[in-house]
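Hi,

Here is the structure I promised to send over.

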Amino acid sequence: MVQMIHTQIEKNGFLSDIFVPNALIDSYSKFGELGVKAALKLFMVMEDRDVVSWNSMMGGFLKVGKLREARKLFDEMPERDVISWNTILDGYVKVGEMEEAFELFQKMPQRNVVSWSTMVMGYSKAGDMDMARVLFDRMPIKTLVPWTIIISGYAEKGLAKEAIELYDRMERDGLELDDGTVIGILAACAESGLLEVGVKVHDSIERLRFRCSITVCNALIDMYAKCGILDKALNVFNGMAKRDVVSWNAMLQGFAMHGRGREALHIFSGMKKEGFQPDRVTFVGVLCACTHAGFIDEGVEYFYAMEKDYGIVPQVEHYGCMIDLLGHGGRLKEAFRLVHTMPFEPNAIIWGTLLGACRLHGDVELAEKVLDHLLKLDPSDPGNYSMLANIFAAAGDWDSVASVRLRMKSIGVQILSGASSIEIDNEAHEFTVFDRSHPKFDRIY
C-alpha cells in the first residue's frame, strides 16, 4: 500500500515537499526490515533532508534492531535536536547498553523529561536501582511518567518500603493518578508478587474515587490473582459493570494457576454464556485448570475443540499444556506421540515438561529418550541431568545415578542452588542454600 502511494506521489511530483518523503520514510519503517530497506533507498536519493528526515531514518533502523546503523547515522547528522539524542539514547537503553547510554546522556546539549525518564527506565530494567534513584532525584522536572517508572522498578525488585515511600511522596506532591501509572505499578506488583504496594494503589483508587476503566480493573484482578488473593480478585471482577475478554482470562488464569480448576472452568462457562469468544490465552488457562483439577479427558476434548469449534489453531504453549495434562494423568506414551506429531519443533520447555511427567510416574525408559532430545537443545542445563538422576534414584538404580553424576562432572555441569523468597516488613528477601550475599546472612545461618 505504501509503495502504491509512493508511486503516485512520484508521478505527481510531490516529493519536492520535504514533508512528503519524511512521512513516507516513517510509514515504510513500520513494515519491518523490507520497509526499512525501502525507507533507506528513499532517504539516500533525497536531495534535501532536514532533521526530521534523519530522525525518521534513525528510528526506522532502531525498530528492526539495527543499533549500529542507527548510531552511524546519528554520528553523520549535520544537525541534531533533542529528539535525535532521545532516539539514539532509547536505542542503547532497550538493548541494555547502559554505559554507552550514560556517555551519550552526559554529552547531551539539552535534556528533557523524556531523556531523564529513558535513563531511569534503563537502570531500573538493568536492576541498578541505586543509579536509577540518583538520576530520578536529580531530575529538574518530574511528570507522572518517571514517578511510575521508579515506583514500578522498586516494586519489580520486591522493594516495597522504597516503592511505598515514593508512592506517598508522589501523592503528597499533588500528582493525580492516571490509567498508565496505575496499570504500570500494578503490573510490576503482579510480576514480583509484591502485594503490599498493589493494595496501596487499590486503596488510593477507592479513596480518591478514581474512575476505573476496564483496563485498570483488569490490572487489579491480575495483581491480586498472581499474588494469590483470589477472593479480592473475584470481588473486583464481580464489581465490574463491563468486562472484556482480558477480564475473563485474568480471573480464569488466576484460579487455574492456584490449583482451583473447578472455579476456573466455572468462569470459562460463564464467559461463553455471556457471549464472549475465547481466545488463545483463554485456552491456556482452561488446559491448566483441567490439569490441576485432574480433568484429563475434558482437557483433551477442549484441546481438540479449539480449532474445530473456535477456529483457534493450537500454538506451542497449548501443546505444552497438553503434554503437562497427559503427563499428570499418567498417559506418557500418548504425550510422547503428541510431541512427535506437533506441527513445529518441540522446544526445551516441551521436553522438560515431559521429563517432569516421567519423574512423577517413574518411567525410566521414556525419561532417557526424552533426555536425549533435551541435551540436543541444551546440553548445559543442570536441571535436566538432576531430574534424570532423581528418576534413577527413585527406581533404586544407583549405578545409573552415579553414571549421570560422572557425566555431569566430565562436561563441567554444576547444579545451581534453588532459591526461595519471602516478604517481611514490606520487603521481599531471596535466599539460596548457603547464600552469603544477604546483609544478615550471619543471623540467618
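First, a quick one: in which loop is R209 found? Look between helix 13 (195-207) and helix 14 (214-226). Helices here are DSSP runs of H or I with at least four residues, strands are E runs of at least two, and both are numbered from the N terminus. Phi of R209 is positive, near 50°, and this residue is not a glycine. R209 counts as exposed because its relative accessibility is 75%; exposed means over 50% relative accessible area, buried under 20%, and partly exposed in between, with a 1.4 Å probe and protein chains only.

Before you go further, this is a predicted model: local features need pLDDT of at least 70, side-chain atom pairs count only at pLDDT 80 or more, and totals for chains, interfaces and linings use all residues. Residues are numbered from 1 along each chain as its sequence is written, and side-chain values use heavy atoms, with hydrogens and water left out.

Overall, the protein has 26 helices and two strands, and 44% of its 445 residues count as buried.

Helix 4 is worth a click. Ten of its 13 residues are buried, so the rest of the structure largely encloses it. Among them are W54, M57, M58 and F61. The buried residues of helix 4 pack against helix 2 (19-28), helix 3 (32-45), helix 5 (67-76) and helix 6 (82-94), where a contact means heavy atoms within 4.5 Å. At the start of helix 4, a side-chain oxygen of D50 comes to within 3.1 Å of the backbone nitrogen of V52. After helix 4 comes G65, with a positive phi near 80°.

Now the rings. The whole structure holds 13 aromatic pairs, meaning rings of Phe, Tyr and Trp (its six-membered ring) with centres within 6.5 Å; planes under 30 degrees apart are stacked, over 60 edge-to-face, and the rest tilted. One of these is F105 with W116, edge-to-face at 5.1 Å centre to centre and 85° between the planes. F105 sits in helix 7 (residues 98-107) and W116 in helix 8 (residues 113-125), eleven residues apart. F105 counts as buried because its relative accessibility is 3%, and W116 counts as buried at 7%.

Cheers

How values were computed: A polar contact is a pair of N or O atoms within 3.5 Å; within protein, one must be able to donate a hydrogen and the other to accept it, and residues adjacent in sequence count only if both atoms are side-chain atoms.
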